[in-house]
Amino acid sequence: MNQGLVADVIVIGAGIIGAACAQALARRGLRVLVLDAGLHGATAAGMGHLLVLDDNPAELALSQYSVQRWREQAPQLPESCAYRSNGTLWLAANAEEMAVAQSKHMNLQARGVTCELITGNALHAREPELRDGLEGGLLINGDGILYAPATANWMLDTPGIEQRRARVSELDGNRVRLDDGQWLNAEAVILANGIQANDLCPELPIEPKKGHLLITDRYPRKVTHTLVELGYVTSAHNATGPSTACNIQPRPTGQLFIGASRQFGTTDPQVEGWMLAKMLKRATEYMPGLAQLNGIRAWTGFRAASPDGLPLIGQHPKRKGLWLAVGHEGMGVTTAPGTADLLVAQLFNETPPLAVQPYLPQRFLEEAAYA
Amino acid sequence: MNEYADLLIIGAGPAGMSAALAAASSGARIVVLDDNPLPGGQIWRDGPQASLPDQARQMRERLQANSNIRHHAGTRVIALAGAKQLLVEDADRGWLIGYDKLILCTGARELLLPFPGWTLPGVTGAGGLQALIKGGLPVQDERVVIAGSGPLLLASAATAKHNGAQVLRIAEQASAVAVAGFALQLPRWPGKLVQSFSLFDRHYRTGSHVVAALGNDRLEAVRLRHRGKIVELACDRLACGFGLIPNTQLGQALGCALDGSALAVDAWQTTSHTDHYAAGECTGFGGSELALVEGAIAGHVAVGNTAAARNLWPRRARWQGFAKALNSAFGLDPQLKSLAQPDTLVCRCEDVPYSALSGHVGWREAKLASRCGMGACQGRVCGGALQYLFDWQPTAPRPPFNPARIETLMCLDDTPPV
């Protein structure tokens with residue numbers, strides 16, 4: 001480490017992405033300083049769902065690689081991280097959605113993702129609480145869940161990482177200025193502060209997408225898999241207006257998460273009654289028995305979304321020394337290991353485990369001025 | 001089914017009942033919501049072993065006799081449903097109530113502080129034990145120790161004795177000087193003087209606080225520190241409460257400002273939010289007499305009878321003086337902050353020990369890291385303790401304010417606001 005450097009790498013943001021990057025770097029023997037402003041991030045607000053998504057090849061590649069990495073790491077995770085490999089069961093309400101399930105099935109199997117198609121009656125046997133009359137589903141066996149805040153803390157506990165509560169007010173390549181005026185230098189700076197990235201780097205095309213979640217009291221063994229409607233693919237991901245989709249996840253405590261919602265153009269963190277009602281109605285359409293369960297807490301969070309739904313992973317083309325790991329939308333917890341591996345490979349100029357091209361920031365930011 | 005009230009009152013303790021009765025003669029349509037089965041609040045809680053004072057009975061009868069007062073028992077506020085509209089739930093259903101004026105009479109809850117053994121069966125709050133006994137818990141011939149702070153200890157002891165318990169000790173943490181200073185002021189409120197004589201107990205000790213509850217599967221003994229010396233008493237029950245915390249969550253959600261830890265009100269019991277009033281313990285601890293007069297003032301003002309309200313100001317001032325004397329006498333000894341040991345549970349819903357909490361910078365960080373306050377009580381118990389122990393401010397309340405059936409939450413209008 002050079003004189004005058006506070007660390008080899010400064011990571012801004014102690015959410016799951018910043019923590020995963022910091023851990024990967026520290027494990028290679030680098031000294032990492034993680035700065036976090038203590039603002040509300042997506043890591044604490046999300047469901048901690050680890051899932052393979054295949055809306056496009058790049059999303060599939062990154063999520064498949066990352067879910068596999070979580071499975072490999074699972075034995076090391078402390079119990080507080082609440083990792084479970086309980087699988088995702090995608091629900092098809094009608095023949096059209098079943099056709100989507102079938103094409104996903106083919107696509108995923110071709111890529112070596114273990115999954116099974118489930119038809120009507122068998123669906124009920126797997127998840128008795130689901131309503132009658134659903135067309136079927138697609139079970140992705142290797143998907144999982146975890147408790148992201150504890151997992152981020154576990155990652156940050158790696159030797160070689162120093163954490164500091166500080167707000168960064170300015171970026172300048174490989175150095176950052178804190179809001180007390182102090183400049184900190186390092187070999188590289190990694191920006192991993194999700195929705196707050198735009199405050200420091202206004203040219204980033206990151207947009208907040210608000211989501212609501214509710215958690216129930218404890219009802220053990222009511223639900224086994226994370227249940228997501230296949231309409232999710234069409235209704236929530238691709239809509240421009242506010243939307244909801246059934247997303248029910250059993251927690252190891254026996255509680256159920258009920259989601260999901262998406263809203264654009266707002267940064268108001270209030271829990272909105274109308275959206276809560278809309279979201280819960282959607283979930284009870286799939287699982288009528290939910291209506292009688294007690295909800296104990298609701299909250300909101302903001303997903304940091306990029307225009308094409310893929311994260312920005314790599315060096316900022318116009319700010320040498322500044323590396324980006326932002327824009328993960330709803331997939332930050334899932335793709336944290338993959339993001340860290342891709343970023344570290346680029347930092348060390350090594351061959352990355354996946355083709356990095358689809359995730360490079362260049363696709364939104366003009367080519368490098370310094371190159 | 002939706003409902004409308006000219007005046008909606010939240011809570012049917014002394015303040016809420018008094019507010020409803022004061023407003024009743026105006027002819028306004030009044031709705032009183034209360035989460036208990038019967039009106040009376042905590043102090044006049046009814047039950048198989050409760051002996052209600054005449055005043056409480058009379059007020060209850062008058063509430064029933066007024067055709068323009070509707071009382072919903074066992075009903076909780078779940079969410080704001082729009083401007084001047086609340087989502088509420090009882091055992092059977094959820095529905096919306098619209099209103100023009102609202103009076104918050106949401107009372108207070110006990111401050112429970114963690115100490116080794118406090119989660120053992122047999123250990124309750126001081127008010128908690130009183131409520132259990134009134135509700136029918138048999139305590140005949142049981143050995144009871146009551147500890148903590150404030151006049152509730154004497155009231156709880158009186159209920160226990162009345163029902164056949166043997167009260168071994170009442171351990172008040174405040175010093176003899178503080179309590180004597182308070183007692184000397186009591187002649188200013190003759191009723192309180194008489195009451196204090198009737199409640200006085202020869203087992204009352206000042207400068208005395210709990211150190212640990214001892215036992216394996218159940219409480220077997222209590223370890224106390226009395227003026228620096230450790231004593232152990234074998235007993236069957238320990239009732240321990242460290243004063244009261246105002247229930248301000250609903251008021252805060254409605255946008256009412258706080259004054260310290262209580263809802264801020266002006267001379268008319270008006271909160272910072274127009275058409276919203278507050279009375280009783282949610283505006284600060286003061287006892288039932290103060291709650292009654294504050295409730296009456298709020299009730300009069302809410303229906304436009306400011307003259308009647310003004311007439312009650314002197315009476316309120318008198319009881320405010322009592323409240324002030326009380327609150328300064330029973331301030332908590334900072335030593336109580338060090339009762340919890342690293343393995344003492346602080347959040348009993350989620351089994352979070354003290355060691356998992358100390359060292360965090362605030363409530364939110366601690367909660368995310370440890371799950372503290374994430375259980376069914378949603379931090380109602382541990383939140384107050386952590387505010388006292390670490391000075392962590394609780395986060396703003398979010399709906400659902402109380403656990404609620406998902407069916408109830410679906411009563412909210414799901415069309416986006418324009």
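Helices (H or I, at least four residues) and strands (E, at least two) are DSSP runs, numbered from the N terminus. The structure is a predicted model, in which local features need pLDDT of at least 70 and side-chain atom pairs count only at pLDDT 80 or more, while totals for chains, interfaces and linings use all residues. Residues are numbered from 1 along each chain as its sequence is written, chains are lettered from A and ligands numbered from 1 in the order in which they are written, and side-chain values use heavy atoms, with hydrogens and water left out.

We may begin with the backbone. Most residues other than glycine have a negative phi, and most peptide bonds are trans. Another cis bond links B:Pro399 to B:Pro400, with omega about -5 degrees; B:Pro400 belongs to the loop between helix H12 (382-390) and strand E22 (404-405) of chain B. Positive phi values also occur in chain B. B:Gln269 has phi near 65 degrees and is placed in the loop between strands E18 (262-263) and E19 (276-278) of chain B. With a relative accessible area of 1%, B:Gln269 is buried (buried means under 20% relative accessible area, with a 1.4 Å probe and protein chains only). For B:Arg371, which is not a glycine, phi is about 70 degrees; its loop runs between helix H11 (363-370) and H12 of chain B.

Strand E15(A) also takes part in an open sheet of nine strands with mixed pairing, ordered E5(A)-E6(A)-E4(A)-E13(A)-E14(A)-E15(A)-E12(A)-E16(A)-E22(B). Two strands pair if DSSP finds at least two bridges between them. The edges are formed by E5 (115-119) of chain A and E22 of chain B; each has a single partner strand, so one side of each is left without a neighbour in the sheet. E5(A) pairs with E6 (residues 136-140) of chain A in the antiparallel sense over five bridges, and A:Ile118 has A:Gly137 in E6(A) as its bridge partner. Helix H4 (residues 95-110) of chain A packs on the sheet, touching E4 (88-92), E5 and E6 of chain A, and its direction makes about 160 degrees with that of E5(A). Here contact means heavy atoms within 4.5 Å, and axes are lines fitted to C-alpha atoms, for helices over the stretch in contact, with angles from 0 to 180 degrees between N-to-C directions.

Turning to chain B, 11 of the 11 residues of H1(B) are buried, so this helix is largely enclosed by the rest of the structure. These residues pack against strands E1 (2-10), E2 (30-33), E3 (69-72) and E6 (94-104), and against helices H2 (54-65) and H8, of chain B. The axes of H1 (residues 14-24) and H8 (residues 287-302) of chain B come within 7 Å and cross at roughly 35 degrees. Residues making this contact include B:Ala15, B:Ser18 and B:Ala22 of H1(B) and B:Leu292, B:Gly295 and B:Gly299 of H8(B).

Helices H3 (residues 126-134) and H4 (residues 152-162) of chain B pack at about 25 degrees, their axes 9 Å apart. H3(B) is therefore roughly parallel to H4(B) (angles under 35 degrees count as roughly parallel). Among the contacting residues are B:Leu129 and B:Ile133 of H3(B) and B:Leu153 and B:Thr159 of H4(B).

Terms used:
Parallel < 35°, antiparallel > 145°, perpendicular 65-115°, else oblique. Buried < 20%, exposed > 50% of the residue type's maximum accessible area, 1.4 Å probe, protein only.
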